[in-house]
Amino acid sequence: MGDNMSKPSAKPFQDGNFFTSFKPYNPPATNDAAPPRRSIFSTLRRPPVAKPNDFIPLFTDCITTASSRTQEYLVFKDPEDKFHPSPDALTQIFLMTYISQSVNLNLTDNFNCTAMTPEQRILLGADWVWAVLEKPTKNPRVQIAVQVLHLSDKEGGEEDGVLPETCSESVQMAQRESSDRNMYERMVDFCTSVGKDCYALFLFFGRKNDKNNIYGVLSNNLEAAMGKCDKIDRALLENFFKGSRYLHTPSGMMQSIVTRNEGEPLTLMIKFS
């Protein structure tokens, strides 16, 4: 009756079939020389690519530092009315502070500053020239010629910063070569000769209605004013502020320069302090 069922072996460990049916586990072979797989997140961490206008925040920092330092002396009042910083001293304070800060921030590789010699200042009308540099050639892509104007300067822009009896022969020769134009016109001529990528920046250390702040008029198109007027002088430059509803910041000024279309005229009024 019923199906015949086999009985289990009484001594299973003595049964040879038990061990032959059991196979040991061998793990899959691995290639130790194969490189590890890159994490998906490693592809997201790429080194930042330098942008052409990354220098603008550093430039703004340098300008702000130089303007603040100069303003301290610009508003200084000696209680005994004996000490008055000279115009040349104020210009040097601004320029030295700017240069020191630009070196500290490693700005000079992207944005250069060249101070003029006495002869160059007379011939070109500029105290210094800023330049946006191309990489890797470091050729100037944009230039800004800067002339500082002081409230104590003689009207007409004929001051050359040196006394005739103390200046060198080369300075005297430069004065004779440029005697037919005032300092404003010389700088405009210089910028015009370079092209629309060279801007004239007239930096006001105080204005008649605001003696304690630093302003600027920047333009690459002032030669048009020379064609309409007898001459360029301080009164003409001051007049730009009367029709201006907006004063740019140094950062806004530089942003406007680097984003301008090629050959496009640009004139801005700026407040530096």
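Lys 138 is partly exposed, with a relative accessible area of 45%; buried means under 20%, exposed over 50%, and partly exposed in between (1.4 Å probe, protein chains only). Its place is the loop between E2 and E3. Phi of Lys 138 is near 65 degrees, a positive value in a residue other than glycine.

This is a predicted model: local features need pLDDT of at least 70, side-chain atom pairs count only at pLDDT 80 or more, and totals for chains, interfaces and linings use all residues. Residues are numbered from 1 along each chain as its sequence is written, and side-chain values use heavy atoms, with hydrogens and water left out.

**Confidence**
- The chain averages a pLDDT of 80, and 70% of the residues score at least 70; pLDDT is the predictor's confidence in each residue, from 0 to 100.
- Over residues 154-159 the pLDDT is below 50, yet this stretch has 15 contacts in the model beyond near neighbours in sequence; contact means heavy atoms within 4.5 Å.
- Where pLDDT is low, the predicted coordinates should not be read in detail.

**Overall fold**
- The chain has nine helices and six strands; these are DSSP runs numbered from the N terminus, helices being H or I with at least four residues and strands E with at least two.
- Buried residues make up 38% of the 273 residues.
- Among contacts between residues at least 6 apart in sequence, 64% join residues at least 24 apart.

**Backbone geometry**
- Most residues other than glycine have a negative phi, and most peptide bonds are trans.
- The peptide bond from Lys 135 to Pro 136 is cis, with omega near 0 degrees.
- Pro 136 sits in the loop between strand E2 (128-133) and strand E3 (140-150).
- Asn 106 is not a glycine, but has a positive phi of about 60 degrees. Asn 106 lies in the loop between H3 and strand E1 (111-115).

**Cysteines**
- The structure holds zero disulfides; a disulfide is a pair of cysteine sulfur atoms within 2.5 Å.
- Cys 62 is in no disulfide: the nearest cysteine sulfur, that of Cys 113, is 9.7 Å away. Cys 62 is buried, at a relative accessible area of 0%.
- Cys 191 is buried, with a relative accessible area of 4%.

- Ser 219 is in strand E5 (residues 210-219) and counts as buried at 2% relative accessibility.
- The side chain of Ser 219 reaches the backbone nitrogen of Asn 221 at 2.9 Å.
- Leaving out residues up to four places away in sequence, Ser 219 touches Tyr 199, Ala 200, Leu 266 and Thr 267.
- Lys 271 belongs to strand E6 (residues 267-271) and is partly exposed, at 33% relative accessible area.
- The C-alpha atoms of Lys 271 and Gly 216 are separated by 6.3 Å, with the two residues 55 apart along the chain.
- Beyond residues up to four places away in sequence, the contacts of Lys 271 include Asn 213, Ile 214, Tyr 215 and Leu 247.

**Second largest pocket**
- The second largest pocket has a volume of about 400 Å³.
- A pocket is an open set of points on a 1 Å grid over the protein atoms alone, where a 1.4 Å probe fits, with protein on both sides within 12 Å along at least five of seven lines. Lining residues have an atom within 4 Å of a point. The volume is the space filled by probe spheres set on the points, which are joined across faces, edges and corners.
- Of its 18 lining residues, the closest to the centre are Tyr 73, Leu 74, Lys 77, Pro 85 and Leu 90.
- Helix H2 (55-74), helix H3 (87-104) and E5 each supply at least two residues of the lining.

Definitions and conventions
Polar contact = N/O pair within 3.5 Å; in protein donor to acceptor, adjacent residues only side chain to side chain.
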